[in-house]
Every structure is written in structure tokens, then in C-alpha cells.
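Subject: Structure for your review

Dear colleague,

Please find below the structure I wished to hand over to you. My notes on what was found follow directly after it.

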Amino acid sequence: MADKLNQKSDIELCKMLSSDKKTAKLAFDEIYQRYSQRVYTYCKKYVNNQDLADDIFQEVFLQLYTSSSKGIEIKNLSPFLLTIARNKCFNENSRLSNNTTSIEDFDIGFTDRNYLENEEISNIVNLAINALPEQYREVIIMKEHLDMSYQEIADATNQALSNVRIKIYRAKEKLREILEPYLNDIRD
Amino acid sequence: MYEETEYLSSSEQLVAFLDGELTQEETTTLFYELANNPELQEQMRQHVQLKNSFKNTLVTPPPALKENILASAGLIEKTQLIGSNANRVAALLIGFFFNKFTMALTSLLLIAGFGYYFYSNNHTSPEIANEIPLVSSVSVDSDFDHSATSDSFSNNVSSDNNDPKNNRSGIEQIASVSKTKKYRQGKFTSNADDITMLNSKNSSEVFDQVSTNHENYDKMKEVNPSLSHNFNDFKFGPNSYSRPDFRRIKPVNLLPGIIDNLSVFFRMYGANSYPDFNLANESRPIVNNILLGFRHNLNQNHAISLVGGVENFLMTFDKNENGIIYRYNQSWNGGWLGLGYHYTPGEINSISMVPELNIMAGATATGPIFRAGAGLNYYITDKFYLNGGLEYVLLTYNESQFSSNTKWFTTNKFGYTIGFGIGF
């Protein structure tokens, strides 16, 4: 059964969610295995808050199950999940007004070493991403953390491909600008 | 990859190339530009470093989130609820203070109770020791020797024992002493029946039996067959605690020896669980962690019981799902039914407390359950007692309950119990 599930398409799995409980659970397990990391990473990177990310992540998969069990046809599962996550993250960010660091305030302090450890690099980059405007932050997370193609990002965010490309370019230029003082300290 | 009408600057082409979004033709153009533009080369170096800093960043969600989703969707049995912060704080406070404080208090009481029991049963107090010769000095002759009785009392009792008419007075005094001793052992309140008994045929022998703490009640019955049978042959238990209470009225007894020795008991638990994790209990706190049992006294020390209860257990187990092993933490509520054995070593002198040890074994829907406990029963009346103690519980469950593999897991609980018992 597990092997067969591996071979099923997202559409078939979504249809199985409206079947009996046992079948639905198996389908859910497979969908969860395919997309949980991606959705969770997006939530966590976007809201930058563990508890909030956990809540949003659970709501996303619950909404998937609710929609599927009601017979709603989901043609493209990955963008569907990310769109729900995106909307919920937007709402939470709006509710919390502003939890990002402005580019002007960006400062990670100084280090005596002539290189940065991996964890430090990760923290610096995360801070820099959080300092980006929301429209740039979103596409950078999708591109660099979730390894999505430009086209997938365009589908998930309901934008034109050229818009996505421009946003990614501008986001990266911003990051390069922010991180320029530290880039030389990053060891290969 | 992009429409021909769309113009891409060298920098944009560079970013798109690093993202794998440029066509072969566009890449050729970019490389030509790179070869002739040192500034673009520097940009490329920085973008490559930036790109490298993003690697390996996919995050795996905590396993508990999946269970929460499945439970909320109704795809697995609802085992846990995501509590609000207020609930978590309340659970933490209750768990930390109430459980531990009560366990510590109960432990102290148990140690004190058992300690006092062993001490008092091995050491006769001077007060009682003085009284025993007084009563035991009564003649055991077949004929009741009034003068001997009176002499025995002459140094201690200020009543006129020379007058044969005062024999009753002397007997009353003796009965009074006897009563004092018995009262220290329990709930004896009557002297009228003692007097009746003393006026019987072999009063002196009965007299002696009374004074020796009722240890041979059968002899008393032989001496005075008319003596009331309205009490059990056991010292302990709701029905038998006040054994010497001769004034009790004998109830209608349809099943002699069964009903008399039967009692019902109820207990509640407050226990710490191992494993322990922050999961809210099923939202039925009133019926969680309770026990109801029917107990039958076999003799003065031993009893058996039929018990059942509803209890909450925190479970941790591994489950193989499609080749992936998940660790589940869940809060499980279920009923259990079992048999128990109770041992009461003896009563604690001068206070109405009886220590009790018990073990129970039973079954739940997930696997066998075992319990062992120690407690103290405090008798408010001869038919009603309060109970407090400590209890250890072991629940064993099989993974096959939750998947196709067979592997056993256990949950241990240790905590206090409070409750009461009622005799029939």
C-alpha cells in the first residue's frame, strides 16, 4: 500500500482524503511526507516565531483536509498549501504589525575572528532576510529555502513570472547590499 | 526561458543564472560579459557566497504537530488537546505543587502511621501495664470470689467491697477498668453488656477474658452462649472494627459471612506520570483517575476485592508508518477492571487507624495494569472510614494496538490516593 501511495499523484491523494478514515489517513501521511518540510520551513522563516509557525503549519494541513473531505478539487497541491500558509502568515504579520528589522537598523555586531561559523552565517542571513520588505522576503524564502523554481513561485504567489524574477533579483541585490560587509568573512 | 521582448541586464542574468533559470543561449551571452567585466565578476563572487549561505535550510516539523493535525481532523482517536497557555500554567502549578505536596504529606503520614503502629504494638504503655495486673488479679476460681475481687480492688478502688451487696459495684469498677483498656484499643463504649456478661454463670472466667483484650472471643461464646453474635470474627474492616461493641443490634443477615464482611470503597488518584510530557488530559476531569471496589474480608488480616476504574495515562510509543518510525506522545483515557488483595497487619493502638497494603492486577483495552499501594484507613464509625496513601501503577501496552508491529511499552505512575470505604 505504501509503495502504491508513493506512485500516486497529488490529485489522487487529495481525492483519497474524502474516503474512509483509514484511506484518508494513509493519503494524509503521504501528503504530509511530501510537503510538510516545505510548508513548515516557509512558516518558520516567514513569521520567525516557533509557536506561531507551529500553529499556522497545523492550520494549513487541517484546511487541506477540510477542503478535500468536502470534495473540493485541488489541482496543484504545492502552491495550494503554500498559498494557505502565505495568507495565514500575512494575516499574522499584519496582526502583529511589525516584527521585522529595518534595513537601516541592521547590525549584527563585530567579531574578532576573520571568518564566521556556519551558525553565525545562518543567523546573519536570517536577520538580513527579516530586514527585507515583505514582498521580497517571501520570494527569497521560496527560492532559497524551499528551492522552488521561478514558475512555482509565480504559481504559489499568483504573480507573473517576470514579476517574480524582478523581485528575486531586487531581493538578492538588497541582501548583497546588507551583507556586503560580512560576505568576505564567510568561509567557503 | 524568458520572452524575447524581455530585456535582462547583466546583473539580472547573473542572478537568474545562479538560480538555474537561464537558457543556454542566455548563459553564453552572460559568460562573454563576465569575461570582460571585472565588476560583474565581483558581483558574481558575492552572489555565490550569498547563495552558499542558504544551503541545507529545510526544517522538519516536530512529530507532535502531525498527531495534533490528525487528532483534530478525526483521523486518529482524539488523544490530546492543544491547551491554552493558561491551561498549561494551571496544569504546571497543579502538577508541581498539589501532587508533590500531597505526596510528601501522605508519605510523612504513612511513615508516621506505620512507625507508630510498630512501636505501639511492641511496647505496652506504662498506663496500660498498670491496669492489666489489676484486672488479671481477679480470681479465676469456678465460684466467683467476691472477697478476692474486693481485696484486689481495695488498694485501687475506693468503693466499699466488704458488703456482698456491693459486689455489683466491684464488678462495675472492674468493668470500668476493662472498658478503659478496650477504649484505648478502639471504640468500645459499653459497660452494661460487660456487667451482664459478668453476672453470667462463670463470671470470673469471662472477667478474665475481657481483661485479656478479647483475644479469645470463642471462649467467651462458650462461656456465655447467649452473648450477642452481632459482630464479625475479624478485628479489622468497616464491619468488624468495633468488635467488642456488644450493644449493636444484629441486622437481618441473608448471607451470613458474606454480607457482614463486604464493603465498598472509592478512591481518587493524584499521580506523577513517567513518561511525563505537557499534554492536557481528556476534558473529563471529574471521572478521571478514580477507582471503585467491592472488598470481602477473608479474615482479620486478609481481604480480596473486585475493582474497576477510569484512569488517564500519558503514553510514549514508537509507531511504524509506511516505513517511517514516528514517536507518539499521547494522553489516553480508559477503563480497567481487576482483582485486588489487601493485607492489614493490625490496628494502631489507641487511635482508630488501620494500615493497609494492597496489590491489584487487571486489564485495560490496551494491556494489563498492575497496582501496588500502602495506606492508612481512619475509622470515623465502625462502618465508615477515610483512606489516604501512596500508590504505584504500571500500565503495559502493545504497539500492535496502534500498528501491526508487536512491541511493548510501559507507563509508570506514582502518587497519592484519597478515598473512603463503607461497610454493609
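Predicted model: local features only at pLDDT ≥ 70, side-chain atom pairs only at ≥ 80, totals over all residues.

**Confidence of the model**

For chain B the mean pLDDT is 66, and 50% of its residues reach 70 or more. Chain A averages a pLDDT of 81, with 82% of its residues scoring at least 70. Chain A also has a stretch of pLDDT under 50, at residues 108–115, for which the model has six contacts beyond four places in sequence. The scores of the model are ipTM 0.80 and pTM 0.43.

**The two chains**

Chain A contains nine helices and zero strands. Of its 188 residues, 40% are buried. Among the contacts in chain A between residues at least 6 apart in sequence, 66% join residues at least 24 apart.

Chain B contains eleven helices and eight strands. Buried residues account for 30% of its 424 residues. Of the contacts in chain B with a separation of 6 or more, 60% are between residues 24 or more positions apart.

**The contact between chains A and B**

Chain A gives 36 residues to the contact and chain B gives 28 residues. On the side of chain A that touches chain B, the elements giving two or more residues are helix 3 (21–47), helix 4 (50–69), helix 6 (118–130), helix 7 (134–145) and helix 9 (161–183) of chain A. Helix 3 of chain A supplies the largest share of that side, twelve residues. By residue class, the side of chain A that touches chain B comprises 18 nonpolar, six polar and twelve charged residues.

**Nonpolar cores**

The largest nonpolar core has 61 residues, and those with the most contacts inside it are Val39(A), Cys43(A), Ile56(A) and Ala85(A). Helix 3 of chain A contributes the largest share of this core, eleven residues. Leaving aside residues up to four places away in sequence, Cys43(A) touches Ala53(A), Ile56(A), Phe57(A), Ala85(A) and Cys89(A). Apart from this core lies another, of 13 residues, which include Trp336(B), Ile369(B), Val393(B) and Tyr397(B).

**Helix 4 of chain A and its surroundings**

The end C-alpha atoms of helix 4 of chain A are 29 Å apart; its 20 residues should span 28 Å at 1.5 Å a residue, so the two values agree. The buried residues of this helix are Leu52(A), Ala53(A), Ile56(A), Phe57(A), Gln58(A), Val60(A), Phe61(A), Leu64(A), Tyr65(A) and Ser68(A). What covers them includes helix 2 (10–16), helix 3 and helix 5 (77–95) of chain A, together with helix 4 (63–73) of chain B.

Gly71(A), which follows helix 4 of chain A, has a positive phi, near 90°. Asn48(A) lies in the loop between helix 3 and helix 4 of chain A. Its phi is near 55°, a positive value in a residue other than glycine. Asn48(A) is partly exposed because it has 18 other C-beta atoms within 10 Å, the cut-off for a buried residue being 20 or more.

A further positive phi in a residue other than glycine, near 60°, is found at Asn158(A). Asn158(A) is placed in the loop between helix 8 (150–157) and helix 9 of chain A. With 9 C-beta neighbours inside 10 Å, Asn158(A) counts as exposed.

**Strands of chain B**

Strand 5 (residues 353–364) and strand 6 (residues 368–381) of chain B run antiparallel and are joined by eleven bridges. These strands form a hairpin, with three residues between them. One of the bridges pairs Glu356(B) with Gly375(B) in strand 6 of chain B.

Thr316(B) belongs to strand 3 (residues 302–321) of chain B. Thr316(B) counts as partly exposed, since 15 C-beta neighbours lie inside 10 Å. The C-alpha atoms of Thr316(B) and Gln330(B) are separated by 6.5 Å, although the two are 14 residues apart along the chain.

With kind regards

Terms used. Residues numbered from 1 in each chain as written. Chains lettered and ligands numbered in written order. Contact = placed C-beta atoms within 7 Å. Helix = DSSP H or I, 4+ residues; strand = E, 2+ residues; numbered from the N terminus. Nonpolar A, V, L, I, M, F, W, Y, C, P; charged D, E, K, R; others polar. Pairing = 2+ DSSP bridges. Buried ≥ 20, exposed ≤ 12 C-beta atoms within 10 Å, placed from the backbone. pLDDT = per-residue confidence, 0-100. Core = buried A, V, L, I, M, F, W, Y, C linked by C-beta atoms within 7 Å. Expected span 1.5 Å × (residues − 1).
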